[in-house]
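Let's take a walk through a protein together, from the inside out. Have a look at the picture first.

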Amino acid sequence: MKTIILAACAAITLTGATFAQEAPDTLVTILTAPEPQTQLMAMVLAMQAAQQGAAPHILLCGPAGDIALKDAPESATAPQPPRDMSPKGLLGKIAEIPNAKVEVCAIYLPGKGLTADVLMDGVTVAQPPAMAAAMIAPNARIASY
């Protein structure tokens, strides 16, 4: 009987280790949504992940790329309830975090007829091979909005 109990305990212990997941090194956030509330929530979650040890890597495409502009539209700068934060304001704080990356899609600026000098400090243009590598890195998680 003792042998059966020990065997069952060992099986449970080994099975538990299989289900344990290591925290990701990086949270890749891909944001395309035009709605300020969705944009802000994506930034809030990226910031929370950073505070829990994951390096934030944000890719802004389409309408969401507008929040990275120095002269961003009001929708990106208007305070949102309940804490009066804006998507652009929180994006700026994330860009200051060591090991954080904030990028716009490689086709965003050409699609708007703009150059990189219109981007806020800390934001660069993504290179597709590097972005793809970040997305498939073994210890990365992806959030897409």
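How many of the six residues of β1 are buried? Five of them are, leaving this strand mostly covered; buried means under 20% relative accessible area, exposed over 50%, and partly exposed in between (1.4 Å probe, protein chains only). Helices (H or I, at least four residues) and strands (E, at least two) are DSSP runs, numbered from the N terminus.

A quick word on the source: this is a predicted model, where local features need pLDDT of at least 70 and side-chain atom pairs count only at pLDDT 80 or more, while totals for chains, interfaces and linings use all residues. Residues are numbered from 1 along each chain as its sequence is written, and side-chain values use heavy atoms, with hydrogens and water left out.

Back to β1: it runs parallel to β2, and six bridges join the two (strands pair if DSSP finds at least two bridges between them). Along this pairing, V28 sits opposite H57 of β2.

Now for the inside. The largest nonpolar core has 34 residues, and M43, L60 and L91 have the most contacts within it. Such a core is a set of buried Ala, Val, Leu, Ile, Met, Phe, Trp, Tyr and Cys residues joined through side-chain atoms within 4.5 Å. Among the elements that each supply at least two residues are β1 (26-31), β2 (55-60) and α4 (87-95), but α2 gives the most, with five. Leaving aside residues up to four places away in sequence, M43 touches L31, I58, L60, P87, L90, L91 and I94 (contact means heavy atoms within 4.5 Å).

Finally, look at helix α6 (residues 128-136), where I136 lies. I136 counts as exposed because its relative accessibility is 69%.
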